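Hi,

Here is the structure I promised to pass on. Have a look at it first, and my notes on the packing and the aromatic rings follow below.

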Amino acid sequence: MKKLILCMTTLIFITGSAFAAKAPGAFKRNDTDKNGLLTKEEYVAARIDGTQEWFKKEGGGMDAWHAKFQKPEMQFAKDFAKWDTNGDGSVDVAEWLNKGK
C-alpha cells in the first residue's frame, strides 16, 4: 500500500508541470468513462484493482489483502471524500494534482 501511494505521489509530481496540457496517466486510466472526472465508483474500483494487483505480486497475496482491507469499498470511499475537496462528488485533475489539499 505504501509503495502504491508513493508511486501515485511520484506520478503526480512528475506530471504536475503538464497539468494544463493533459491529465496524468494514472488519472486517465482510472477515468473509465473518459469524461475528465473521477467518480467515487471509478476511484474505488481503481483502488481495489490496484491494491489487489500489488498484494498478489508483492504484498503476501489475497489473504493479506483481505486482512488489510476488510471493508475496501468503505475505506476507499473515505479516501475519495478527502480528494474531492470541492464536494461535487467527483475528482478533477486539479484536485488529483493537489492530492486532496
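A residue is called buried when its relative accessible area is under 20%. Keep in mind that this is a predicted model. Phenylalanine 80 has a relative accessible area of 4%, so it is buried. Tyrosine 43 counts as buried too, because its relative accessibility is 3%.

Both of them sit in the largest nonpolar core, which has ten residues, including Ala26, Leu38, Val91 and Leu97. Helices α2 (25-30), α5 (72-83) and α6 (93-97) each give two or more residues to this core, and α6 has the largest share with three. Another core, of six residues, lies apart from it, with Val44, Ile48, Trp65 and Phe69 among them.

Now the rings. A search of the whole structure turned up eight aromatic pairs. One of them is tyrosine 43 with phenylalanine 80: the ring centres are 5.7 Å apart and the planes are at 55°, so the pair is tilted. This pair links distant parts of the chain, as tyrosine 43 is in helix α3 (residues 40-57) and phenylalanine 80 is in helix α5, 37 residues apart. Phenylalanine 69 and phenylalanine 76 also form a tilted pair, with centres 5.1 Å apart and planes at 45°, and both are buried.

What does tyrosine 43 touch, leaving out residues up to four places away in sequence? The list is Phe76, Asp79, Phe80, Trp83 and Trp96. Ring pairs also join Tyr43 into a cluster with Phe27, Phe80, Trp83 and Trp96.

Cheers

Key:
Residues numbered from 1 in each chain as written. Predicted model: local features only at pLDDT ≥ 70, side-chain atom pairs only at ≥ 80, totals over all residues. Heavy atoms only, no water. Core = buried A, V, L, I, M, F, W, Y, C linked by side-chain atoms within 4.5 Å. Buried < 20%, exposed > 50% of the residue type's maximum accessible area, 1.4 Å probe, protein only. Helix = DSSP H or I, 4+ residues; strand = E, 2+ residues; numbered from the N terminus. Contact = heavy atoms within 4.5 Å. Phe/Tyr/Trp six-rings, centres within 6.5 Å; stacked < 30°, edge-to-face > 60°.
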